[in-house]
Amino acid sequence: MKRTVSALALVIALCACAPSTPAPEASAPVEPQALATYPAPTFLENLTVAADGSILFTNYTNRSIERAPADGGAAASFAALDVHPISILPLADGYLVAGQATPFTQGAAAIGTGVLLFLDAQGAVSQRVPIPEVLFPNGMLSLSSDAVLIADSVGGQIVRLDLATRAISPWFADPVLAPQTTPNFLPGANGLKLQDGALIISSSATRTLYRLALGADGQPQGGLTPVVENLPGADDFVVLPEGGFLVSTHGDRVVRVGLDGAVSDFTTDARVRGNTALALIGEGEGRRAVILGTGGFSEGLGQDAVVLSVPLGL
């Protein structure tokens, strides 16, 4: 497996009610709502929905986990860290955060500085586990009550974390999960989600979502099968309950993939520029997608980073 990249290559492309009248008018459309904004340059990378419905997200540049209420209340810091957090995953007793001691803006110096932080429910760090064998830890997924999968976007692999022993072991690798190094750098394995008993993996380098069958023991069975190809970009994604996907492209749009595989724009709101991750909140007609926009951080556009809530009906 090729495990080197150039020093510069690591800068990754990483609600209105109708009036009460005998003939009510139609309700006004619910517009996208900014739950939090941060001045440029800010790189927001990953998010999760807490048990109380609030949004927890990683602020890579500020070395913090932030919390934004889903109802639009003021965002606040949840945890101040000594690493640059990339992804966050809920655990039974708190949260797991994957990050880097050295930021990717310093190029090759960031390779091998991966760290796992175990946080309690209040955001205090209870344990720190260096993971130098994971070159760039990215998306994470609870595979079972005792195991977590972590995508290595530079190493071109998925590794398994044993929650009991804190040990990392190789789990699955494939050339399509490796990064693209020329003509420009694009990370490889990125987002991880479960769908119908299989693992869905996004590769930013190939702009594709892949399916990996899992056995009854949770181990990979066979190779990767493309699910959606030729996306405008493929960073994080969510599986829609009715089928299909929403995909963050790290570009100027978030796209929806229908049951028939057709790709269409979900939102091109200017605030989602450089979008890195998304999650679903709400129920029924109140369902929304929460999207992290970096303001074009990797392109140096100098726009504010944002946590944007977008109704699924728009």
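Okay, so before anything else: when I say two residues are in contact, I mean they have heavy atoms within 4.5 Å of each other. And keep in mind that what you see above is a predicted model.

Let's start with threonine 208. You'll find threonine 208 in strand 16, which covers residues 208-214. Leaving out its neighbours within four places in sequence, threonine 208 is in contact with Ile201, Ser202, Ser203, Pro226, Val228, Glu229, Asn230, Leu231 and Ala234. So is threonine 208 buried or exposed? Its relative accessible area is 3%, and buried means under 20%, so threonine 208 counts as buried. The side chain of threonine 208 also has a polar atom 2.9 Å from the backbone oxygen of threonine 206. Now look over at glycine 295, which is 87 residues from threonine 208 along the chain: their C-alpha atoms are separated by 23 Å.

Strand 11, residues 147-152, pairs with strand 12, residues 157-162, in the antiparallel sense, over six bridges. Which residue in strand 12 is the bridge partner of aspartate 152? That's glutamine 157. There are four residues between the strands in this hairpin, and glycine 156 takes a positive phi near 65°.

Strand 12 also pairs with strand 13, residues 168-173, again antiparallel, and here there are five bridges. If you want to trace one of them, go from valine 159 to its bridge partner in strand 13, proline 170. Strands 12 and 13 form a hairpin too, with five residues between them. In that turn, have a look at arginine 166, which has a positive phi of about 65°.

Methods
Residues numbered from 1 in each chain as written. Predicted model: local features only at pLDDT ≥ 70, side-chain atom pairs only at ≥ 80, totals over all residues. Heavy atoms only, no water. Helix = DSSP H or I, 4+ residues; strand = E, 2+ residues; numbered from the N terminus. Buried < 20%, exposed > 50% of the residue type's maximum accessible area, 1.4 Å probe, protein only. Polar contact = N/O pair within 3.5 Å; in protein donor to acceptor, adjacent residues only side chain to side chain. Pairing = 2+ DSSP bridges.
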